[in-house]
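Subject: Structure handover

Hello,

The structure is below, with its sequence. My notes on domains and aromatic contacts follow it.

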Amino acid sequence: MSRMLVWLRSDLRLADNPLFHFSTPPESLLCVFVLDDAWLDPLPGLEASRIGSARLRFLWESLIALRGELLKRGSDLLVRIGSPVEAVAELAEAHDIDEVRVRADAGWEEWQASVQLAERLGSQVNLTCHQSGTLLDEASLPMAVEDIPPSFSAFRRKVERRWVIPDAVPAPVTLPSWPANAPRGFPPLGKICSSAAVWAPDERGGFAFSGGEAAGWARLDHYLWESGAVARYKQTRNGLVGTDFSTRFSPWLAHGCLSARQVLEEVRAWEARHGANESSYWVIFELLWRDYFHWAARQEGASLFGERELPAPSEGFRAWCDGRTGVPFVDAAMCELSATGWLSNRARQNAASYLVRDLGGDWRLGAAWFEHCLIDYDVASNWGNWRYVAGVGRDTRPRALDVHDQAERYDPDGAYAALWLVPSLCVHREVP
Ligand SMILES: Cc1cc2nc3c(=O)[nH]c(=O)nc-3n(C[C@H](O)[C@H](O)[C@H](O)COP(=O)(O)OP(=O)(O)OC[C@H]3O[C@@H](n4cnc5c(N)ncnc54)[C@H](O)[C@@H]3O)c2cc1C
């Protein structure tokens, strides 16, 4: 019998989470999440922390929800703030832990943290890394990680030729008991970041994301079963105004409140009832994009973030962040991003392309600003998409968009620009 510590990161769910599945249950289980305090520091020159209020609030909601589910099963959750490696190592030592489990994340920093933790724990404690959250795992990936092709199309063709996605696993019914004398609970959000505690999305977006597994399933139920919007996804996915033109699953997927396999299985169940169509296929196609960026991020390691030193932000870059470029389509997108923490894929592509191609801005500054703002920030999808738009790294084909043509095509009556261009509400800078 062992004493186990589960170190949670972007995998805040009980179902389909290998960290909570045991062939032999341990004697005790300590579940820990550590908010890296470095995420709260302003980035040099950017006047913005790595995690903004919108994401921090969603994260806290997800943690609160997860704690509820853990308590129902006889366990609990401890949340700390500080250096994750140090905090986990100290807890492991204090509670005589013999196994630490963590998700094998795609991000380079997360990988480095696991390596540092292994060194810090030494040979007395077994650190095991478990891959989860993506459709594919290393066994079902039809190529070695080193051989992930440069283009998405080549990746997709190979995957679809040998389509073997493991089943999602149900949540455990009970969990091992909490270790004697181990601390529990977490600090109030208001003490960490007062603006996150009171953060609310601008009502013009018409949608409020709330964190947690149950909220993620509620959105899944709505999009598939209640509204049936999935049946029209292929036609609506480039929308800009409204709540059901795309799935909006991204924040729950990014925090791990939902896994991609759970979404896939639900789409398959919908297809079994209503018949598959090109829209239901296209949702799965988009999930494959997510897998592609996750597996590509593992292959790229630290180079995902670019090699050169980050330049100081220019006035043009600041105007872009604040929605003051003078191009209504782009400015509306940047206002929506700041005011809601979310942006449609069409608007993300245009905002990114405009910064890189029209303003000659550094894509890494744009990616860092998105990292700060987005509720659904995910290291592989964000930095991978930015590299893709900028045409750097693995796929260097030019991807410049003419934002004026795009505005004419996707916002012909200017309704999107009109919705978000109310100047007094646009400038939204926060310094934690
Ligand atoms: C510059 C830029 C930065 C981005 N940063 C992020 C990010 O940090 N986090 C993130 O989840 N997505 C990111 N994306 C991808 C995409 O824009 C969002 O996943 C999508 O807009 C989320 O809305 P949705 O859930 O309604 O997506 P849907 O259109 O409904 O798609 C369903 C799901 O498929 C996945 N998906 C769709 N498109 C992509 C894509 N291009 N790359 C990866 N996954 C995709 C997402 O998980 C999404 O939830 C970025 C795209 C760009 C161009």
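Domain bounds here come from an automatic or database domain assignment. The model itself is predicted. The protein chain is divided into domain 1 (1-132), domain 2 (134-165 + 212-300) and domain 3 (315-426).

Between domain 2 and domain 3, the C-alpha centres are 23 Å apart. Their contact involves 24 residues of domain 2 and 23 residues of domain 3. About 1900 Å² is buried between domain 2 and domain 3, with carbon and sulfur atoms giving 58% of that area. On the domain 2 side, Asn238, Leu240 and Phe293 supply 35% of the area buried against domain 3, more than any other three residues. Two salt bridges are found across the interface of domain 2 and domain 3. Separately listed is a salt bridge between the side chains of Arg387 and Glu300, at 3.1 Å from N to O.

On the aromatic side, the count is 26 aromatic pairs. One of them is Trp60 with Phe186, edge-to-face, with 6.0 Å centre to centre and 80° between the planes. Trp60 belongs to helix α1 (residues 53-72) and Phe186 to the loop between α4 (152-161) and α5 (189-192), so this pair ties together parts 126 residues apart in sequence. Trp60 counts as buried because its relative accessibility is 3%, under the 20% cut-off.

Two arginines lie over rings. The charged end of Arg248 sits over Phe207, 4.8 Å from the ring centre, and Arg298 lies over the face of Trp295 at 4.6 Å from the ring centre.

Regards

Conventions:
Residues numbered from 1 in each chain as written. Predicted model: local features only at pLDDT ≥ 70, side-chain atom pairs only at ≥ 80, totals over all residues. Heavy atoms only, no water. Phe/Tyr/Trp six-rings, centres within 6.5 Å; stacked < 30°, edge-to-face > 60°. Helix = DSSP H or I, 4+ residues; strand = E, 2+ residues; numbered from the N terminus. Buried < 20%, exposed > 50% of the residue type's maximum accessible area, 1.4 Å probe, protein only. Lys NZ or Arg CZ within 6 Å of the ring centre and 35° of its normal. Contact = heavy atoms within 4.5 Å. Buried area = accessible area lost by both parts, 1.4 Å probe. Salt bridge = Lys/Arg side-chain N within 4 Å of Asp/Glu carboxyl O.
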